[in-house]
Amino acid sequence: MLIDTAGIRKKNKEKDDLEFYSVIRAIKAMDEADTCLLVLDAEKGITAQDINIFSLAVRKGKGIVLLVNKWDLVADKSTNTARDYENELKKRIAPFTDVPVIFISAKEKTRIHKAIEIALDVCECKKRRIATSKLNEVMLKAVESYHAPVVRGHSIKIKYVMQLPTHVPSFAFFANFPDDIKTPYRNYLENQLRANFDFKGVPIRIFFRKK
Ligand SMILES: Nc1nc2c(ncn2[C@@H]2O[C@H](COP(=O)(O)OP(=O)(O)OP(=O)(O)O)[C@@H](O)[C@H]2O)c(=O)[nH]1
Ligand SMILES: [Mg+2]
């Protein structure tokens, strides 16, 4: 099922009320969705509002696909232009950059079927369950090749990892000092999960627990 929402535009004095209700409706639609197709305007570039909506979808644990619309209006459509745009976009959404970006034209119907295909693909990625044995085989190897830094004189040992039975892919890492594992190492583990298993467009949650 596709839900179309009214555009969330920059605040405008006269239209403030209308704007307010369209935002509420868009957020409600987001709550009902498995995956959100966030439509950007190629000509306008990436606005702060786009980033806010992206972050909201991440917080809500939604699958995400970025559609750069009106690509027909971009004069120079060489691979470099698309690559530069995508790189700029990914800088703005870092550290969660494993998100499909598709250059479309609603007007000329370019890659619109592709957009739906990829969105369905993201829905499948979101349902992915990794067997505990496979998860430990891969992730304990990653832990071996790059250990969490020593904190207050004690070394941190991650002993075991399992995926939790939640809608948003969530992973619990069991360690001797779970509270001493900091964001950079959490990001390392997330990147390793993404490098080894396909979670494109899917927010991942990581928890550290005492063992
Ligand atoms: N050149 C070009 N124009 C487009 C494209 N997509 C939409 N437009 C134009 O952009 C304007 C707005 O299009 P809409 O489809 O109404 O946009 P929307 O995001 O659904 O707007 P709301 O639902 O009102 O928030 C229209 O004039 C469209 O013709 C595109 O891919 N290329
Ligand atoms: Mg519309």
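Q: Which residue stands opposite Leu66 in strand 2?
A: Leu38 stands opposite Leu66. This is a predicted model, in which local features need pLDDT of at least 70 and side-chain atom pairs count only at pLDDT 80 or more, while totals for chains, interfaces and linings use all residues. Residues are numbered from 1 along each chain as its sequence is written, and chains are lettered from A and ligands numbered from 1 in the order in which they are written.

Q: How many bridges join strand 1 to strand 2?
A: The two strands run parallel and are joined by 7 bridges. Strands are DSSP runs of E with at least two residues, and helices are runs of H or I with at least four, numbered from the N terminus; two strands pair if DSSP finds at least two bridges between them.

Q: And what about strand 3?
A: Strand 3 pairs with strand 2 (residues 63–69) in the parallel sense over 3 bridges. Ile102 in strand 3 is the bridge partner of Leu67.

Q: What is the strand order of the sheet?
A: The sheet is open, with 3 strands in the order 1-2-3 and parallel pairing. Strand 1 (35–41) and strand 3 (101–103) each have a single partner strand, so one side of each has no neighbour in the sheet. The twist averages 25° from one strand to the next, with axes fitted to C-alpha atoms, for helices over the stretch in contact, and angles from 0 to 180 degrees between N-to-C directions.

Q: Which helix packs on the sheet?
A: Helix 4 (residues 112–126) does, touching strand 1, strand 2 and strand 3, and its direction makes about 165° with that of strand 2. Contact means that C-beta atoms, placed from the backbone, lie within 7 Å.

Q: Is strand 2 buried or exposed?
A: Of its 7 residues, 7 are buried, so strand 2 is largely enclosed by the rest of the structure. Buried means 20 or more other C-beta atoms within 10 Å of the residue's own, exposed 12 or fewer, and partly exposed in between, with C-beta atoms placed from the backbone.

Q: Which way do those residues point?
A: Gly63, Val65, Leu67 and Asn69 point one way from strand 2, and Ile64, Leu66 and Val68 the other way.

Q: Changing topic, which residues are around ligand 1?
A: They are Ala6, Gly7, Asn69, Lys70, Asp72, Leu73, Ser105, Ala106 and Lys107, each with its C-beta atom, placed from the backbone, within 6 Å of the ligand.

Key
Two residues are in contact if their C-beta atoms, placed from the backbone, lie within 7 Å.
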